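Me: I am new to this structure. Please walk me through its salt bridges and the reasons for each label.

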Amino acid sequence: MSKTIFISNRLPITIQQNEEGFQYKKSIGGLATGLKSYHEQSDSLWVGWPGITSDDYNEEDQKKISDTLQKKYKCLPVYLNKSDID
């Protein structure tokens with residue numbers, strides 16, 4: 001069986017940080033909304049930016065974020081710092 005890999009500028013999950021830690025929310029937008037059902041039900045992987053700059057957390061947090069995104073949401077994050085985004 002083949003695996004579908006989606007590559008886009010954003011993941012279908014956006015990460016936000018608050019006092020309690022990191023929150024994972026479903027992204028809104030055409031591509032994420034349109035392919036959400038297919039991605040969740042298929043053997044697929046989504047590659048993209050999680051919506052938070054890498055300047056906002058440490059390496060340990062990055063590992064936790066990556067693990068959660070891969071295991072729970074079938075996503076592979078591409079980390080960008082503020083300079084990359086600018």
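**Salt bridges, step by step**

Reply: Gladly. Keep in mind that this is a predicted model.

Me: Why is the contact of K26 with E40 called a salt bridge?
Reply: The closest N and O atoms of K26 and E40 are 3.6 Å apart. The cut-off is within 4 Å, so the pair qualifies.

Me: What does the pair K26 and E40 tie together?
Reply: K26 lies in strand β3 and E40 in helix α1, so the bridge links parts 14 residues apart in sequence.

Me: What makes K3 and D43 a salt bridge?
Reply: Their side chains meet at 3.1 Å, N to O. That is within 4 Å, so the label holds. K3 sits in the segment before β1, and D43 in the loop between α1 and β4, so the pair joins parts 40 residues apart in sequence.

Me: Why is D43 called partly exposed?
Reply: Its relative accessibility is 35%.

Me: Where do K64 and E60 lie?
Reply: Both are in helix α2, 4 residues apart, about one turn of the helix.

Me: Why is E60 called exposed, but K64 partly exposed?
Reply: E60 has 53% relative accessibility. Exposed means over 50%, so E60 passes. K64 has 48%, so K64 counts as partly exposed.

Me: How many salt bridges does a search of the whole structure find?
Reply: The search finds 4.

Methods: Residues numbered from 1 in each chain as written. Predicted model: local features only at pLDDT ≥ 70, side-chain atom pairs only at ≥ 80, totals over all residues. Heavy atoms only, no water. Helix = DSSP H or I, 4+ residues; strand = E, 2+ residues; numbered from the N terminus. Buried < 20%, exposed > 50% of the residue type's maximum accessible area, 1.4 Å probe, protein only.
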